[in-house]
Structure formats: structure tokens, C-alpha cells
Amino acid sequence: MIYRLVFENLKHRPVRTLLSVVAIGVEVTLILTLVGVSRGVLGDMAARSRGTGADILIRPPDSAGFTFSLTMPEKVVNVVRAQPHVAMATGTFVKYIDSFNSITGIHVDEFNAMSGGLKVKKGRMFQAPDEIVVDDVYAKQHHLKPGSTTDLAHTWNVSGIVEEGKLSRTFGDIGALQQLFEARGLVSTIYVKLDNPANTAAVKDALQKVLPTYKIDSIEDFVSLFSVNSVPYIEAFTRVVIGIAVLIGFLVVCLSMYTAVLERTREIGILKALGASPAYIVGILLRETVLLALTGTVVGILMTYGTRSLMAIFAASMPQEIVPDWYLTVAGIALAGSIVGALYPGLRAARQDAIEALAYD
Amino acid sequence: MTEVTAQNLTKTYRVGEIEVHALRGVDLKIEGGEFVAIVGPSGSGKSTLFNILGGLTPPTSGTVLIDGRDLIKMSEADRTRLRKTTVGFVFQKYNLLPTLTGADNIEIARDIAGKKGHERDPQFDETLALLGIASRLKHKPRALSGGEQQRIAIARALVNHPALLLADEPTGNLDTENSTAVLSVLQGLNKRLGQTILMITHNPEAAAYAHRKVTMRDGRIV
């Protein structure tokens, strides 16, 4: 019976109920989108690293996390090539433009041999020093096609569109980039392909002896760095967003329930006259809150499919994963914020004087 | 059996710095099965007596027994239990929950009293038959006339078989025809089911339906 009253109360004020559900949905979507984008971007980076076809990756000594500096002499590549079991090695040059954009210089022939080849979908590979190719995700996001120009610390002519999934989204000739960015003879990373991946550990150890100060990882160890737990600022940022989201849920539910309690003063008086205990009255409000929070969670989960579509349109280079393993957590977060938000209105309702409440118009 | 006994009952409210003596020593006895009307002008203490007998507010001093239970010693939780099990209310403004149907308004009182399910209750079926509202129970209050709403409120007040039915101006918002119908229902409930009723009213015609009329003035029974 109490659930019928709860449903009818929520139905009685459909706009307030809808707004509360949507606000809780936004809270849930905010969290799921952030987590999904974090994972999506890191997963995409990991997949593109695997897409190089390399077994081992060598970075300069001062590299931090999974970024690359520009302090490694290109001649190190020859040292690597001389090691047993090394089938091929190629240096790449990464120029970071900003937090989200970079351009990667490659030796096309070497990179194609290692990775299986950049597949040109439109146009052709770069030939002139000021030409680059971009992958289809980057092209879609920036509305580029062969013949377009794009500004990445330099105005580049886009000669072609390549299939995504191999190392970077933007490729130019390594020599042209080294010259343009005044880093002649320097590379950011050396990718190493072995005659047999089973030799990875042994070759890695051997390389580490030859290049003791360099950061040498198997590709799988390297891509394992692409996790939310390995990036402290993502975890901290996620906590901040969860805090803000909980605050939104708390405020919305508190306001919604507070207005409901004010509006239902007389009804609370009636229930008290019928012998309803404070716990019974708080129970009605808490049930309404739980229903709002759970419905809002479902709506929020559905909304993440919408945000994923929006991200694919407006920020294609930041893919969003759907994260079902977070659904229970986010439901708990939404419930906790909502229940805390309902506590004050609930206590206010429970403490209401029956005679005053019955006299309320 | 005596259903209600009040002896030297007082109630003093404090409004700011001023003490208001709403009841100044009320003595009242209502026997089981009696239908008593309390009449008196505004400010005579009728509503305060109603609220105390209904367990909505505690008395200041005196003795008041309902169904053998002493209200003066009751905590807030005890008074809540009293309202749930021992008294039923009928108000001037009907006070039905607007979001529920008539049937659900009755059912919620059962739910609050901790009675679950839909077990048969022949005595309450008889009450419903007396009230003549079976065909209107599926409607929400906004679709019901005042008389229908008040009859549903009476059904709600009686669904848990209270020892005492308290009615506060039950016909105050009704036209003559509906007033007569509601008063006849109360009289019928009293006669056929032996329901003890205490009704507060301004209306002498309404008071005439009761066995006995008690007049209050200035916080006392006169």
C-alpha cells in the first residue's frame, strides 16, 4: 500500500519528478562519461601502441609515464638493430602540440614494414616536407580531406587519410619534422620488432644492459600503463567529478523533497492523525527518493549512450567506453547522495506537529 | 463499559508570553456505545478536547482514560499508537489523501495499523454497506462530492475498529442533503454496530442526532 502512495505522490507532480530524475540522470551520466572517456582514450592509446607491431619500445631516460621526450639520439637505433633476435627497429619523432594533439614523424618504409602498413583510404602518403597524413578519426573530427590544410604548430597539407589504429592520428616524414622542430638526429621512441615475440624478456634484459639509463619496456608492459590507476590526475579528477555529481544529486533531491514536504504538510498531518509514526512518514519519503535515484540511474545509464554518440561526433579522438562494471557503483553514489538529500526534509516531515499540519491550507 | 473518562482535565497553551487556558477542568464520561455531541461557541475548548481525546496533543493535567488507557502518562509514541488502534477521526474538511482513490484512502489506514493483505472483515463490510459508497471507492477525492468524501473519511476512521470515533464538525462543509445523509450514517453506525461516537458541532440540528448533548463554554462543560 505504501508503494502505491509513493507512486501516486511521484505521479502527482510529474514535472518535479521528471526534473529530479533527469538531474540524477545527469549526475550518473557525468560520472559514467568521465570514466568511459578516460578508459576509452587510454584503451585507444593502448590499441594504437599495439598497432605498431613492435614487441619492445625504448624511450629516452627522462621520459615520464607514457609520454616521450626528444632527447634520444637516432644512432641508438643502430645499436638496437645490432642486438640478437632484433628483426627490425625504427625511430619515431613525437611533437606534442597541446594536451590533445601531437604529430608523429616516421620512416614510412620502416614503419610500414613493422606495423603491416598504414592503409591509405583517401589520397596518398605524404611526399613533400610540409605534407602529412591523418587517420580517419582525426579527419572526421577536424573535417579534413586530401588537399585540406591543418595547423599543428605549422600549416600542413593533408595528402591523405589513413585507417586508424596504428600508433598515431597524424603522421609526417621524420626528417621533415626533425628539421622543422630543430631536433636533428633526435628521436622520441624506438620501436623494436623481434624475430620471435617469445624472446621479448631476454632481448629487453639485453637491451637494458646496453642502454642502462633508457626506459625499455615490452609493448604489453607499456600499454599496461594506459590505465586509469596509472594516471594519478585522472583518479583525482574522477573523484572531484564524483563529488560534484553527488552534490548535484544531493541538492536536487533535497530541494525536491523539501518542496514536497511543504506542499504535503496537510497530508502529513492526516497520516499522523491516522497513527503514522515518524518512521512511517520518513519511510514514504525515503522510498520516493530511492525510486527517483534508481530511475535516475537507469536514465543516466541510457544517457551515456547519447554522450558516447555526441563524443563520436564532436570529439572523435576521445572515444567513450560503456562501463557496465561501474553501474552498481554509480547507483550506490546516486542513492547515497539522494538519501542524504532527503534526510533533512524527511526529519522535518517526521517532526511536524499533527494539529498544525492539519490546519495548514 | 465506560469508553472515555476525563476528570479535572486542563490544557494550557503558551502563546508567546501569554498562557491560554483552553480547558479549565473538564469532567466527562462517555459510555461504550454512546453517541455524544459536544456543542459550544468558538473558543469554548471543543477542539482542544477533541485533540486531547484523539491523542493529537497531551493534556496539561487531570485524568483522561480512553478504552482503559491513561493519556496523561502517554509518550508521543504511545499517543501515535492510540491514534492507530483506539480512535478514529472524521474532520470537517474530510482530509482524504488527494493522490489516492477512496479505497486506497481506507487501505492506507489499515496499512498504518500494520494490517496487511485483504482478509475478509464482515463487520467492516457492513460498515461500507451502511455508508453506501461501494461504487465510488475507485475514484480519487477530486471526483467525489463532499458527502461522498466524508463517507469515505468515516469508512477510513472505522476500518481499524476504533473504540471511539471522533468527529469534528463532520457536516460543516456539507449542504443540508449531504449533512442529513452523513449524520444518518453516524447514527446508523452507532445504533447497528454500537460504535461510540463523540461529535463536535455548532449545529443544533446535527447535535439532535446524538443521544446526549454536552455544552462547553470557556474551557468548561456547563
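Chain B has a mean pLDDT of 89, and 97% of its residues reach 70 or more. pLDDT is the predictor's confidence in each residue, from 0 to 100. The model is predicted: local features need pLDDT of at least 70, side-chain atom pairs count only at pLDDT 80 or more, and totals for chains, interfaces and linings use all residues. Residues are numbered from 1 along each chain as its sequence is written, while chains are lettered from A and ligands numbered from 1 in the order in which they are written. The model scores ipTM 0.91 and pTM 0.80.

Helices (H or I, at least four residues) and strands (E, at least two) are DSSP runs, numbered from the N terminus.

Strand 6 of chain B (residues 87–90) is covered on both faces. B:Val87 and B:Phe89 are buried on one side, B:Gly88 and B:Val90 on the other. Buried means that 20 or more other C-beta atoms, placed from the backbone, lie within 10 Å of the residue's own. Strand 6 pairs with strand 7 of chain B (residues 164–168) in the parallel sense, over 4 bridges. Pairing requires at least two DSSP bridges. B:Val90 stands opposite B:Ala167 of strand 7.

The contact takes 19 residues from chain B and 18 residues from chain A. Contact means C-beta atoms, placed from the backbone, within 7 Å. On the chain B side, helix 2 (76–85) and helix 3 (102–112) each supply at least two residues. Helix 3 of chain B gives the most, with 6 residues.

Key. Buried ≥ 20, exposed ≤ 12 C-beta atoms within 10 Å, placed from the backbone. Contact = placed C-beta atoms within 7 Å.
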